[in-house]
Amino acid sequence: MTEDIEKLGHWTGSTCPFCGKPKHLAGTLRSDNPPPSPNDAAICISCGNWAIFTERLELRKPTIAELVELSENEDVQRATEIWKTMDREMRRRH
Ligand SMILES: [Zn+2]
C-alpha cells in the first residue's frame, strides 16, 4: 500500500498547515511524475488533508473554491481512498 501511494507523487519536506507534520506526498498524478510546482496539491500522510504548494513550495490550506475543485478531481479521490486504506492498516497494526 505504501508503494501504491509513493507511485502517486514525490515526498516533500514541507510542513502540513493542518497538523504540522513534515512529511507529504505531492500529488501531481501525471504519468511523467514531475516534482511539485506551485499550485500543485499534496495529501498529508499524517492527517489526510489536502494542501496547496505556494510559489516557494511551502504548503498552505486550500481555499473553499480549491477544496471544491479537489473534491471533484478523480486523482485526488483515488489518492484519498488509498490514504484511507493505508491509515486503517496503520491503525490496525498499532
Ligand atoms: Zn497533516
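**Entry 1. Pro38.** I began with Pro38, which counts as exposed because it has 11 C-beta neighbours inside 10 Å, and the cut-off for that class is 12 or fewer. I located Pro38 in the loop between β2 and β3. I then listed its contacts, leaving out residues up to four places away in sequence: Pro38 touches Phe53, Thr54, Glu55 and Leu57. I note that the model is a predicted one.

Entry 2. Pro38 and Thr54 stand 16 residues apart in sequence, yet their C-alpha atoms are 5.0 Å apart in space. Which residues does Thr54 contact, once neighbours within four places in sequence are left aside? I found Pro38 and Arg60. Thr54 is exposed, because 12 other C-beta atoms lie within 10 Å.

**Entry 3. Asn39.** I moved one loop residue on, to Asn39, which also lies between β2 and β3. I recorded a positive phi of about 75° for Asn39, although it is not a glycine. Buried or exposed, with 10 C-beta neighbours inside 10 Å? Asn39 counts as exposed on that number.

**Entry 4. Overall layout.** I stepped back to the chain, where I counted three helices and five strands. Read along the sequence, the pattern is α-β-β-β-β-β-α-α. Of the 94 residues, 20% count as buried. I also looked up the contacts between residues at least 6 apart in sequence, and 42% of these join residues at least 24 apart.

**Entry 5. The hairpin of β3 and β4.** I checked the pairing of β3 and β4 and found it antiparallel, over three bridges. Ala41 has Ile52 in β4 as its bridge partner. Five residues lie between the strands of this hairpin, and among them Gly48 takes a positive phi near 80°.

Entry 6. Ile52 stands opposite Arg60 in β5. I therefore placed Ile52 between two partners, Ala41 and Arg60, with bridges defining the pairing of the strands. The β4-β5 hairpin has five residues between its strands, and Leu57 in the turn has a positive phi of about 60°. Leu57 is not a glycine. Leu57 is classed as partly exposed because 16 other C-beta atoms lie within 10 Å. Leu57 is also one of the residues that Pro38 touches.

**Entry 7. The nonpolar core.** Which residues make up the largest nonpolar core? I listed 12: Cys16, Ala41, Ala42, Ile43, Cys44, Trp50, Ala51, Phe53, Leu59, Leu70, Ala79 and Trp83. β3 (41-44), β4 (50-53) and α3 (74-93) each supply at least two residues of this core. The largest share, four residues, comes from β3.

**Entry 8. The faces of β3.** I then asked which residues of β3 are buried on each side. Ala41 and Ile43 are buried on one side, and Ala42 and Cys44 are buried on the other, which leaves both faces of β3 covered. The background for this reading is that side chains in a regular strand alternate between the two faces of the sheet.

**Entry 9. Helix α3.** I took the length of α3 next. It has 20 residues and reaches 29 Å from its first C-alpha to its last, close to the 28 Å expected at 1.5 Å a residue. How many of the 20 residues of α3 are buried? I counted two, so α3 lies largely in the open.

**Entry 10. Confidence.** I closed with pLDDT. The chain mean is 81, and 76% of the residues reach 70 or more. Where is confidence lowest, and where highest? I found the lowest mean, 56, in helix α1 (residues 2-6), and the highest, 95, in helix α2 (residues 64-72). Where pLDDT is low, the predicted coordinates should not be read in detail. I have accordingly left the geometry of α1 out of these entries.

Note on methods
Residues are numbered from 1 along each chain as its sequence is written. Two residues are in contact if their C-beta atoms, placed from the backbone, lie within 7 Å. A nonpolar core is a set of buried Ala, Val, Leu, Ile, Met, Phe, Trp, Tyr and Cys residues joined through C-beta atoms within 7 Å. Two strands pair if DSSP finds at least two bridges between them. pLDDT is the predictor's confidence in each residue, from 0 to 100. The expected span of a helix is 1.5 Å times one less than its number of residues.
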